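Work through the exercises below with the sequence and the coordinates open. Each task is followed by a solution in steps.

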Amino acid sequence: MTENLALIFQSLPYLLEGAGVTLGLVGGSLGLGLIIGIPMAVGQVYGNKYLASLISLYVWFFRGLPELVLLFLFYFGLFTLWGLNLTAFTAAILVLGLRSAAYQSQIFRGSIQSLGEGQMLAALSLGMKKSEAILYIVLPQALRVSIPGWSNEYAIILKDSAITYAIGVMELLTRANFIATRTYKPMPIFLACAVIFIFLTYGGVKALNLLEKKVRIPGYAYGRREI
Amino acid sequence: MNELYSFIRDIVLPPLLEGTLVTLQLIVLSIPLGFILGILIAVGRVYGNKIISLFCTIYVLFFRGTPLLVQLFILYYGLPSVGIFFSPFVAAVLGFILCSSAYHSEYIRGAIQSIKSGQMMAAESLGMSRSQAILYIILPQALRRAIPGCSNEIIYLVKYSSLAFMVTCVELTGAGKIIASRYFQYTLVFAVVGAIYLLMVSVITKVINTLEKKLEIPGIG
Amino acid sequence: MPKDEANEVVLKVEEIYKSYKGKEVLKGISFEVRKGGVKVIIGPSGTGKSTLLRCLNLLTVPDKGQVYLEGEEITHAKKNIHQFRQKIGMVFQDFNLFDHLTALGNVEIGLTRVKRMNREKAREKAQEELRRVGLEEQASLYPAQLSGGQKQRVSIARTLAMDPKVILFDEPTSALDPELIGEVLEVIKNLALQGMTMVLVTHEMGFARSVANEIIFMEEGKILESGPPAQLFSNPKYERTRQFLHKISELYGE
Ligand SMILES: Nc1ncnc2c1ncn2[C@@H]1O[C@H](COP(=O)(O)OP(=O)(O)O)[C@@H](O)[C@H]1O
Ligand SMILES: [Mg+2]
């Protein structure tokens, strides 16, 4: 028992460094997903037929494939084929980000559609251009409504980030596995790793709840949270 | 072109189809068992006594708070150190059941709690015991309401079944990885692997939607 | 004294007390209902009428007091309470039909699952009960496809199917649109004529007057007064009763 605790204690700095890498992965891919996901949602709702179906195809592809398959396909396949010489970490952010964009775009699309047409009509009647109406009226509301879905996405990406172990990103699980195989004491190390993940999951969601409260505007109905 | 075709047909496809068979076995076992365990956890959480309810809460907290891959590592690499051994396949199925049950249980719990208390009262006023009322009145309604969430969870499980390979159970993704690294044909092989997953996901989505339509009742949804 | 069947006590209630979080809702309620008797409970809302009815079949457990069904105490039956509840029907203000079952399914389920009757017999009996409330045509419809009045009649059929010794009605028409109230009252009136023993909470005073053989006026968890309708309506003992009846007749225009 004390032996195990000592091992956990010794490994903690190394594991926490891994947790930092995990958070970097999560932050990077959530951010990338956000930057791509918002225009995708707008395109799907307000774009023409062709743009909308192109985006649907993208969403179908990235949501239909397992993350592990995407990692193998892009990291070992396409990125090499395209002559990109990326580190595992960068490749992981790209793949997780492109994949998250597909999911996030659907969160934002749902929020935009939940606003109803009235907001757009009112903005146009003021003489705004469609793009202005989207930028100043629709998105500020839609993004607020999206926060619960978005903090759900955080929890999902956080847990999915562990899969980048498969391409050797030095995140939390990879490091835990490294110690486990060297010390022949997998149980305490993996449990410690699980506990850190639990803190990151629920702690992160809690933090995002606080953010939601900060930007909350009276009268907005927020969706159900699912973690 | 012809060469590429026969490479896919003769070299790539056979192991991939074998892997697909393993994947199908993985999900056919874990989908129903995970769902049933999810029902039990949800019922235990809502209707169980303090101890059962607390146990179910912690169970859900753990399995939803940690990555599936960590759970699989604990099952396959961790447990042997305390004398419990599973084959890769069994470890994977067990991990999928435990993890998906936690997610199912949350959808089902939400659905149970959304059912008006009058339903339970009316059932008990007819002379039903608590367990009869849960079985015949509450669950048939709650499960219908939980279908959209649980369907999502099932689709997720199909995709996450690829993680079985991480505990050395060679299923579709694993078969793809092996053949791709042997011939150094990652893009080609994983394009085929991806197509098979998309096909599986589409078929299962169709099946679930049909089932959903069949179970539809006016006024519940 | 010779045992008179018509005078047999079906339900006897003794000194029922119930508090919620220190707030006393029922303060010693006692009464009895004889076979074929119709007891109507009236009183302001929040007085504890619903709580009282739920105490009678132990959907709510009273803090003190006893309930007897045909001479047997049910208050501390714990394990056997399900058996007693079969014999005490209950009709709710908001129907509480089982939303996943058709009208027929709602009436059947107590028979198949609780009485363990075989399917065919249960179906036959359920159809008969639906006919009794005039809804044999609607047997295959789901609750969401029925009007409020029809829903309440199905719920009455569901209760009747169990062959209860007594039926408790908790404001059975309060959730209904005015034009649908009549059809439900009609069904209940017929039951009274057929000799069903009933305890009814209602604000329909005209109806109460015509079916009740005793009216109980409840206020703040106590029975303030009780008596035959003629006496209570025309000559109440207490000013509070008179005021309440006056207010109700203004509200419901009776
Ligand atoms: N489950 C409960 N928990 C707490 N208070 C309750 C509960 N049920 C009823 N009460 C309280 O008991 C009082 C009587 O309620 P009720 O029996 O519904 O009155 P009535 O049916 O005469 O309108 C009310 O003040 C109500 O708030
Ligand atoms: Mg009431």
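## Exercise 1: the contact of chains C and B

Task: State how many salt bridges join chain C and chain B, then describe the rest of their interface.

Solution. 

Step 1. The count of salt bridges between chain C and chain B is 0. The model is a predicted one, and the rule asks for a side-chain nitrogen of Lys or Arg within 4 Å of a carboxyl oxygen of Asp or Glu.

Step 2. Turn to polar contacts. Between chain C and chain B there are 7 residue pairs in polar contact, with both residues at pLDDT 80 or more.

Step 3. Assign the chain C side to elements. Those that give two or more residues to the side touching chain B are α2 (81–87), β6 (88–91) and α3 (103–114) of chain C. Of the elements, α3(C) gives the most, with 4 residues.

Step 4. Sort that side of chain C by class: 11 residues are nonpolar, 7 polar and 6 charged.

## Exercise 2: the contact of chains A and B

Task: Find how many residues of chain A and of chain B are in contact, and characterise the interface.

Solution. 

Step 1. Count the residues: 37 of chain A are in contact with 36 of chain B.

Step 2. Take the area. The size of an interface is often given as the accessible area lost when the parts come together. For chain A and chain B the buried area is about 3,300 Å², with 76% from carbon and sulfur atoms. A:Phe72, A:Lys159 and A:Met187 supply 16% of the area that chain A buries against chain B, more than any other three residues.

Step 3. Locate the chain A side. Two or more residues each come from α2 (49–64), α3 (67–81), α4 (88–115), α6 (130–160), α7 (172–183) and α8 (186–215) of chain A. The largest share, 10 residues, comes from α8(A).

Step 4. Sort by class. The side of chain A that touches chain B holds 28 nonpolar, 4 polar and 5 charged residues.

## Exercise 3: chain layout

Task: Which elements make up chain A and chain B, and which pair of touching chains has the most contacts?

Solution. 

Step 1. Chain A has 8 helices and 0 strands. Chain B likewise has 8 helices and 0 strands.

Step 2. Compare the extents along the principal axes. The C-alpha atoms of chain A fill a box of roughly 70 × 45 × 25 Å, while the C-alpha trace of chain B spans about 75 × 45 × 20 Å.

Step 3. Of the 2 pairs of chains that touch, chains A and B have the most contacts. Chain A and chain C do not touch, and their nearest C-alpha atoms are 24 Å apart.

## Exercise 4: the shell of ligand 1

Task: Describe the residues around ligand 1 and how much of the ligand the protein buries.

Solution. 

Step 1. List the surroundings. Among the residues around ligand 1 are C:Tyr20, C:Val25, C:Pro44, C:Lys49 and C:Arg54.

Step 2. Assign elements. β2 (23–34) and α1 (49–56) of chain C each supply at least two residues of the shell, and α1(C) gives the most, with 4 residues.

Step 3. By class, the shell around ligand 1 has 3 nonpolar, 6 polar and 3 charged residues.

Step 4. Check atom distances to oxygen atoms of ligand 1. A backbone N or O atom of C:Gly46 lies 2.7 Å from one. For a polar backbone atom of C:Thr47 the distance is 3.2 Å. A polar side-chain atom of C:Ser50 lies 2.7 Å away from an oxygen atom of the ligand.

Step 5. Finish with burial. Ligand 1 taken alone exposes 560 Å², and the protein buries 63% of that.

Technical notes: Residues numbered from 1 in each chain as written. Chains lettered and ligands numbered in written order. Heavy atoms only, no water. Contact = heavy atoms within 4.5 Å. Buried area = accessible area lost by both parts, 1.4 Å probe. Nonpolar A, V, L, I, M, F, W, Y, C, P; charged D, E, K, R; others polar. Near = heavy atom within 4 Å. Polar contact = N/O pair within 3.5 Å; in protein donor to acceptor, adjacent residues only side chain to side chain. Areas by Shrake-Rupley, 256 points an atom, 1.4 Å probe, with all protein chains shown as cover.
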